[in-house]
Amino acid sequence: MTEEYEEGEAVITRVVIDVMKPRELPLIDLASALCLVDGVDEVHIIVSEVDVKTETMKITVAGNSIDCDELYKTLEDYGCALRSTDEVVAVRK
Amino acid sequence: MTEEYEEGEAVITRVVIDVMKPRELPLIDLASALCLVDGVDEVHIIVSEVDVKTETMKITVAGNSIDCDELYKTLEDYGCALRSTDEVVAVRK
Amino acid sequence: MTEEYEEGEAVITRVVIDVMKPRELPLIDLASALCLVDGVDEVHIIVSEVDVKTETMKITVAGNSIDCDELYKTLEDYGCALRSTDEVVAVRK
Amino acid sequence: MTEEYEEGEAVITRVVIDVMKPRELPLIDLASALCLVDGVDEVHIIVSEVDVKTETMKITVAGNSIDCDELYKTLEDYGCALRSTDEVVAVRK
Amino acid sequence: MTEEYEEGEAVITRVVIDVMKPRELPLIDLASALCLVDGVDEVHIIVSEVDVKTETMKITVAGNSIDCDELYKTLEDYGCALRSTDEVVAVRK
Amino acid sequence: MTEEYEEGEAVITRVVIDVMKPRELPLIDLASALCLVDGVDEVHIIVSEVDVKTETMKITVAGNSIDCDELYKTLEDYGCALRSTDEVVAVRK
Amino acid sequence: MTEEYEEGEAVITRVVIDVMKPRELPLIDLASALCLVDGVDEVHIIVSEVDVKTETMKITVAGNSIDCDELYKTLEDYGCALRSTDEVVAVRK
């Protein structure tokens, strides 16, 4: 309204996902790997359920411009199943 | 009271809407598109219900002067149904 | 006690009202109109109930000196029914 | 302990009262009147119950030195019944 | 540990007490009197129960060095019964 | 990891304990005594249960380097029974 | 996205673990030992369950780069059983 064309780019700064990982994969390793995804600054994992072979986790990923494709690919590379994406925050940069 | 005629314009700075989207549309794409609507600075999506073909979401849109017509049109363009507008904040600019 | 006669004027800085509006009136329009009432700076509307023909809303109006007569008149002009005034804040100016 | 005689005066800075007012008295008028009581800076009224002829309210009165006698007298002048005093804060000035 | 002998004095800075007072004693008067006890800066009274002849109150007394003997004596002087001391904070001065 | 050998010393800065004291011992005296234990800055006592001869309390002790042995000894000297240690915070100095 | 290759290293800054320790091991000693693990700055232990021979605790370990291997080894050295890792925070350094 104030300007006819606003410039800018939308970037993803927070994603909350529900993930199932194999129990033999250490949480520490998964957290570290996700933290090195392009545009990620912090990864917070909370374990919500532990089964014989798997653990279900709520993972909050924050950063100034999260590369979601790389995020999802990293999960896959580590043998994790993305059960759902629960929250997304996008901001205009 | 203090002045006979106050100048100014009312702008919408926050809208909370309940939206249903087709499951094949990635959340990330919807968040990014809404974030580029005129006058929007941030979009926060929380998924509240997942069905076979659709997802229901609570979307909070914040900005310094949200173009609501463009916001609603963008939702439509992405095949989303606006179920309700739950909150609106207007401020005098 | 400290001074025999204190000067000053009482102004209303916040009003919380319960209002019923016709469904065909857009929330955005109502919020904008109330925001331009004399002495109002911000209007926050939360929809609490949706019926076939009406919507019930909790409206918080804030400002440095709200003209309540004009506020109530504006509601009326827009075809809204004031169901109750739930909160009022007055401050000495 | 640190000084044999401490000087100072105790002043009331907050009073929370439960009040019943006649419905025909506008909340705005009562709030404004209480706000002009000696030593009062802010009055916050929350309506808790509405009956046919009366409204019951929780009134929080704040100020740097509230004249409680004048406060109670003002309530009486406006036809309000003080049901109880629920909270009092006194500070040494 | 870091120093063989630490100097200093312990002072009481907060006391929360449960008190029963006769109904004819105004809350305001009790709050003001307790506020003038040596070392007290603020008194917050919340009425919790009202009976025919008495009122039960939770009184929080704060200050930089509360003279508890004088506090308890003042309560007695005003015909109040100390039912219990619920909280005490001591700090090294 | 960043340095082969990190220097430093671990100190206890907060302890939360569950303690039973004889009723004839004034709370104020116990709080003051614990406050003078080496390395203690503040003692917060909340009474949780009152019996005929004893009172059970939750005591939070804070300081920059609490001497826990002296703390436990002081409790004993005052005829108090340590029922449990519920929380401990240690920091690297 | 903004840079092709982002540099940096992921470090663990917070770990929340569920641990069972023998009752004869003092909490203070365990807290101090964990606090001296490489990269740890603070250890917060909350006892959740006390049995005849063991105590179950929730331990939050915070630091600027926690050496988790050393953390787990220290627990083992003290005869403690790691029941689960409940939370992990990793940040890009």
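The contact between chain C and chain D takes 19 residues from chain C and 20 residues from chain D, contact meaning heavy atoms within 4.5 Å. Please keep in mind that this is a predicted model, in which local features need pLDDT of at least 70, side-chain atom pairs count only at pLDDT 80 or more, and totals for chains, interfaces and linings use all residues. Residues are numbered from 1 along each chain as its sequence is written, chains are lettered from A and ligands numbered from 1 in the order in which they are written, and side-chain values use heavy atoms, with hydrogens and water left out.

**Chain C with chain D**

- About 1600 Å² is buried between chain C and chain D, and carbon and sulfur atoms give 55% of that area; buried area is the accessible area (1.4 Å probe) that two parts lose on being put together, summed over both.
- There are zero salt bridges between chain C and chain D, a salt bridge being a side-chain nitrogen of Lys or Arg within 4 Å of a carboxyl oxygen of Asp or Glu.
- Eight residue pairs, both residues at pLDDT 80 or more, are in polar contact between chain C and chain D. A polar contact is a pair of N or O atoms within 3.5 Å; within protein, one must be able to donate a hydrogen and the other to accept it, and residues adjacent in sequence count only if both atoms are side-chain atoms.
- On the side of chain C that touches chain D, the elements giving two or more residues are β1 (10–22), α2 (68–77) and β4 (81–92) of chain C. Helices (H or I, at least four residues) and strands (E, at least two) are DSSP runs, numbered from the N terminus.
- β4(C) supplies the largest share of that side, eight residues.
- That side of chain C has nine nonpolar, three polar and seven charged residues. Here Ala, Val, Leu, Ile, Met, Phe, Trp, Tyr, Cys and Pro count as nonpolar, Asp, Glu, Lys and Arg as charged, and the others, Gly among them, as polar.
- β4(C) and strand β2 (residues 42–50) of chain D run antiparallel, joined by five bridges; two strands pair if DSSP finds at least two bridges between them.
- In β2(D), V43(D) is the residue opposite A90(C).

**Chain A with chain B**

- Chain A brings 19 residues to the contact and chain B brings 20 residues.
- The buried area between chain A and chain B is about 1600 Å², with 54% from carbon and sulfur atoms.
- The interface of chain A and chain B has zero salt bridges, while eight residue pairs are in polar contact (both at pLDDT 80 or more).
- β1 (10–22), α2 (68–77) and β4 (81–92) of chain A each give two or more residues to the side that touches chain B, and β4(A) gives the largest share, eight residues.
- Antiparallel pairing over five bridges links β4(A) to strand β2 (residues 42–50) of chain B, where I45(B) in β2(B) stands opposite V88(A).

**How the copies relate**

- Chain A superposes on chain B by a rotation of 51° with 0.0 Å of shift along its axis (RMSD 0.0 Å), using least squares on the C-alpha atoms of residues with pLDDT of at least 70 in both.
- The copies use different surfaces, as 5% of the contact residues of chain A recur in chain B.
- Chain E does not touch chain A, and their nearest C-alpha atoms are 36 Å apart.

**Salt bridges overall**

- The whole structure holds 42 salt bridges over all chains.
- One of them joins D18(B) and R83(B), whose closest N and O atoms are 2.8 Å apart.
- That pair links distant parts of the chain, 65 residues apart, with D18(B) in strand β1 (residues 10–22) and R83(B) in strand β4 (residues 81–92) of chain B.
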